[in-house]
Amino acid sequence: MIRLAFTACAALLACGAALSQVTLVGRQNFSGAELGAPAAAMFRLHLTLVRLEGSGWTGARALAVLRETAGILAQCGVAVERAELQSLSAPNHLDFSTPAARELARAHPVARPAVYLVRDTKSRPAFDAEAIGRGNSATRPELADTVWMTAATRDPGVALAHELAHVLMDSGEHSEEEGNLMGEETSPRNVSLSAAQCARLRETGGRNGLLEKNR
């Protein structure tokens with residue numbers, strides 16, 4: 001009994017130490033005008049980006065990626081109207097794994113949908129970027145409506161649009177249509193979304209409170 005109590009206490013102390021190492025070190029806000037938001041969009045998207053210091057991501061790179069992503073989502077009548085970039089010092093959470101990500105999300109809650117810019121992944125098989133929607137977060141509810149991107153992600157602007165579409169549609173489906181954004185492999189040549197995909201993205205994203213409708 002004493003040994004079990006000691007083990008539990010040690011685990012709690014270790015967890016507390018890890019959480020105490022998550023520190024907000026900076027914020028930047030970007031307006032729709034800075035992100036190229038179309039004036040006549042049907043829906044507005046507000047994003048939170050969390051950049052981990054030491055991950056290889058810079059604020060300038062994050063903004064460039066976001067601008068490209070915003071241009072791709074605009075085809076569905078969705079404007080990235082506002083984005084907040086938060087920079088964190090979190091040395092124990094630089095690489096994605098479900099336990100580390102859950103711990104980080106609990107230590108530093110942010111508005112959703114949220115994009116986390118990390119160094120690498122410990123998941124196997126390894127993915128450069130991963131989307132976690134409502135449908136695949138039952139065992140990890142802290143991560144619902146988030147995207148996790150490593151510094152090595154290829155074509156990151158396209159990849160972020162792809163992963164955000166997964167989150168907004170709450171679907172892991174891929175498309176075999178040539179040139180479609182939701183193909184299994186991201187590529188600068190794959191940036192189009194069908195009318196049906198856009199409708200699902202708007203409907204599901206709006207129903208889940210991730211998009212706001214313009215009036």
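Reader: Where does Pro125 lie?
Author: Pro125 is in the loop that runs between strand E6 (120-121) and strand E7 (129-132), where helices (H or I, at least four residues) and strands (E, at least two) are DSSP runs numbered from the N terminus. This is a predicted model, in which local features need pLDDT of at least 70 and side-chain atom pairs count only at pLDDT 80 or more, while totals for chains, interfaces and linings use all residues. Residues are numbered from 1 along each chain as its sequence is written, and side-chain values use heavy atoms, with hydrogens and water left out.

Reader: What kind of peptide bond joins Arg124 and Pro125?
Author: The bond joining Arg124 and Pro125 is cis, and its omega is about 0°. The peptide bond from Arg112 to Pro113 is also cis, with omega near 0°, and Pro113 sits in the loop between helix H4 (98-107) and strand E5 (114-118).

Reader: Why point these out?
Author: Most peptide bonds are trans, and most residues other than glycine have a negative phi.

Reader: OK, what is phi of Asp155 near, then?
Author: Phi of Asp155 is near 45°, which is a positive value in a residue other than glycine. Asp155 lies in the loop between strand E8 (146-150) and H5, and with a relative accessible area of 29% it is partly exposed. Buried means under 20% relative accessible area, exposed means over 50%, and partly exposed is in between, using a 1.4 Å probe and protein chains only.

Reader: And which residue follows H5?
Author: H5 is followed by Asp170, whose phi is positive, near 50°. Asp170 belongs to the loop between H5 and H6, and its relative accessibility of 26% makes it partly exposed.

Reader: How many residues of H5 are buried?
Author: In H5, 14 of its 14 residues are buried, and the helix is mostly covered. Its 14 residues should span 20 Å at 1.5 Å a residue, and the end C-alpha atoms are 19 Å apart, which agrees; the expected span is 1.5 Å times one less than the number of residues in the helix.

Reader: What does Asn180 touch?
Author: Not counting residues up to four places away in sequence, Asn180 touches Ser175, Asn190, Val191, Ser192, Leu193, Ser194 and Gln197, where contact means heavy atoms within 4.5 Å. The side chains of Asn180 and Gln197 are joined by a polar contact of 2.8 Å. A polar contact is a pair of N or O atoms within 3.5 Å; within protein, one must be able to donate a hydrogen and the other to accept it, and residues adjacent in sequence count only if both atoms are side-chain atoms. A polar atom of the Asn180 side chain also lies 3.5 Å from the backbone oxygen of Ser192.

Reader: Switching to strands, which way do the residues of E5 point?
Author: Ala114, Tyr116 and Val118 point one way, while Val115 and Leu117 point the other way, and all are buried. Five of the five residues of E5 are buried, so the strand is largely enclosed by the rest of the structure.

Reader: What runs parallel to E5?
Author: Strand E2 (residues 43-52) runs parallel to E5 and is joined to it by four bridges, and E8 runs parallel to E5 with five bridges; two strands pair if DSSP finds at least two bridges between them. Leu117 in E5 stands opposite Arg51, and Leu117 also stands opposite Met149 in E8.

Reader: How many salt bridges does the whole structure have?
Author: A search of the whole structure finds 12 salt bridges, each being a side-chain nitrogen of Lys or Arg within 4 Å of a carboxyl oxygen of Asp or Glu. One of them joins the side chains of Arg27 and Glu84 at 2.8 Å, N to O. That pair links distant parts of the chain, with Arg27 in strand E1 (residues 23-31) and Glu84 in strand E3 (residues 78-89), 57 residues apart.

Reader: Which residue forms a salt bridge with Arg44?
Author: Glu81 does, with the closest N and O atoms 3.4 Å apart. Glu81 lies in strand E3 and Arg44 in strand E2, so this pair ties together parts that are 37 residues apart in sequence. Arg44, Glu81 and Glu212 are linked in a network of salt bridges.
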